[in-house]
Amino acid sequence: YDVPVRVAEDGRLWIDFQIAPMQDETGRITHLIPSAIDISARKHAEEELRHADRRKDEFLATLAHELRNPLATFGMALELLKLPTSADEIGRRACDILERQFRHMARLVDDLLDVGRIAQGKIELRRERVDLAGVLAQATELARASLDQGGHELVVSLPPQPIEVEGDPARLAQVFANLLNNACKYTRGQGTVTVTAAVEGEQVVVRVRDTGIGIAPEALPGVFDMFYQVETARAGHPGGLGIGLALVRSLVELHGGTVSARSDGPGRGSELSVRLPPATGAVGALRRRAPIPAIQGLSKRVLVVDDDRSNADTLAMLLQRSGSEVETAYDGLTAIEAGARFRPDVVLLDLDVPGLDGLDSCGRIRGEPWGKDLMIVAMTGWGQDKVTAKIEGAGFDASLTKPFEFSTLLSLLAQGPRGSVATG
């Protein structure tokens, strides 16, 4: 039988006691031989497995909850739009709701994918010298829906002189947007979220403070662990998937930095701090990403190819409203026939269309006299790490990962063919 033996104030040993009877030639038990084996490692492993299984169940239940909420909102907003008496103001508000929930679901999917990429070591940073103020402005825009929905006041305090860091501006913006979203999530009612940045010694420090539910001292060491949720969240306040802060820590560490949390206790808010090394070398002009051009109209002939008819038809309507002439096809072979007849300037081609997949369809189109110089953009629901190697030699000019912003597509089309393959 297994017996726990306390060996220290906070420790236990598990001992497997066995007692073997010894018999003489008549079968009479003459004596007993006891043995004891330390099975603590096995018991601790079993306990870890039970703990991991419990966390998995909590994660799946939370994921279902997180996805059902925006889906329910989608349904109600769509019902509003279908009302025959819907006024312009109601339609506009319904569209705002749909956009906000769409961004929320897209962020959930992106975080889930990034967790997998980091676990496999597939995250690659596109480092450049960036102004921290610009990164924080982008993060604020990404978290705007959470701030507005909660009615929270955002206070940003930056020093007058620029602070520069070396890093991937998109990933750094993701870090600070996740911290802002976390602050909003755990702040009841109309609270205040404060962001400060400063150079302290040899480090750049960004702090995100909130007036929310706070964190108990014993919970502080685990807040950046995967799938971790503080007890106050489980006890009635809506938590999250428990991956946002784990993703923050991984991305910050990839940048050579650290992240920490502090709180004066439940009900007294919390503060999450990111420490990054400052940019090194001579101060030069910052390499800023070119802004998306403002495009009033786009007069092009566009062929949209996607086996999901809803996606294809919706994208076609948006392109028509932007001034383009559009044809749609729902499989690869039909796309080639439509292209020969329609002679498009641009083909937006989903990689997973039936009949002839996107890679083969692109090759066939490039082989046609009318397809040599047009622009072909791959559309895919897979992450860029899965498709970049496949599409580089297939004849595509660029790729877009679903769901993408329509303004990103317009910007890409305005650049013309032979752009960057991994557009995102």
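Visitor: Where is Arg343 found?
Guide: Arg343 is in the loop between α9 (332-342) and β13 (346-350). Helices (H or I, at least four residues) and strands (E, at least two) are DSSP runs, numbered from the N terminus. This is a predicted model: local features need pLDDT of at least 70, side-chain atom pairs count only at pLDDT 80 or more, and totals for chains, interfaces and linings use all residues. Residues are numbered from 1 along each chain as its sequence is written, and side-chain values use heavy atoms, without hydrogens and water.

Visitor: What is the phi of Arg343?
Guide: Arg343 has a positive phi, about 50°. Yet Arg343 is not a glycine.

Visitor: Is Arg343 buried or partly exposed?
Guide: Read the relative accessible area: buried is under 20%, exposed is over 50%, partly exposed is in between (1.4 Å probe, protein chains only). Arg343 counts as partly exposed because its relative accessibility is 48%.

Visitor: Now salt bridges. How many does a search of the whole structure find?
Guide: A salt bridge puts a side-chain nitrogen of Lys or Arg within 4 Å of a carboxyl oxygen of Asp or Glu. The search of the whole structure finds 17.

Visitor: Which residue forms a salt bridge with Arg28?
Guide: Asp24 does. The closest N and O atoms of this pair are 3.5 Å apart. Arg28 is exposed, because its relative accessible area is 52%.

Visitor: And which side chain meets that of Glu271 in a salt bridge?
Guide: Arg209, with 3.5 Å from N to O. Glu271 lies in strand β10 (residues 270-276) and Arg209 in strand β8 (residues 203-210), so this pair ties together parts 62 residues apart in sequence. Glu271 is buried, because its relative accessibility is 9%. Arg209 is partly exposed, with a relative accessible area of 33%.

Visitor: Which residues are linked with Glu271 and Arg209 in a network of salt bridges?
Guide: Glu200, Arg207 and Arg275. They join Arg209 and Glu271 in the network.

Visitor: Which side chain meets Asp225 in a salt bridge?
Guide: That of Arg249, at 3.5 Å from N to O. Asp225 sits in the loop between β8 and α6 (231-234) and Arg249 in helix α7 (residues 244-254), so the pair ties together parts 24 residues apart in sequence. Asp225 is partly exposed, with a relative accessible area of 27%. Arg249 also counts as partly exposed, at 29% relative accessibility.

Visitor: Let us go inside. How many residues has the largest nonpolar core?
Guide: A nonpolar core is a set of buried Ala, Val, Leu, Ile, Met, Phe, Trp, Tyr and Cys residues joined through side-chain atoms within 4.5 Å. The largest has 39 residues. Leu132, Phe176, Leu179 and Val274 have the most contacts inside it. The elements that give two or more residues to this core are α3 (132-142), α5 (169-185), β7 (192-200), β8, α7 and β10. Helix α5 gives the most, with nine residues.

Visitor: How far apart are Cys184 and Ser146 in space?
Guide: They are 6.2 Å apart, C-alpha to C-alpha, and 38 residues apart in sequence. Cys184 has its place in helix α5. Cys184 is buried, because its relative accessible area is 8%.

Visitor: What separates the C-alpha atoms of Leu303 and Asp345?
Guide: A distance of 8.1 Å, while they are 42 residues apart along the chain. Leu303 belongs to strand β11 (residues 301-305). At 0% relative accessibility, Leu303 counts as buried.

Visitor: Last, surface patches. Which residues make the nonpolar one?
Guide: Patch residues have over 30% relative accessible area and no salt bridge; like charges are joined within 9 Å, nonpolar side chains (Val, Leu, Ile, Met, Phe, Trp, Tyr) within 5 Å. Here Ile19, Ile29 and Leu32 make a nonpolar surface patch of about 310 Å². Ile29 is in strand β3 (residues 29-38). Ile29 is partly exposed, at 48% relative accessibility.

Visitor: Which residues gather in a patch of negative charge?
Guide: Asp307, Asp308, Asp352, Asp357 and Asp360, on the surface. Asp360 is in helix α10 (residues 358-366). Asp360 counts as partly exposed, at 44% relative accessibility.

Key
Areas by Shrake-Rupley, 256 points an atom, 1.4 Å probe, with all protein chains shown as cover. Lys, Arg positive; Asp, Glu negative; His and termini not counted. Charge placed at Lys NZ, Arg CZ, Asp CG, Glu CD.
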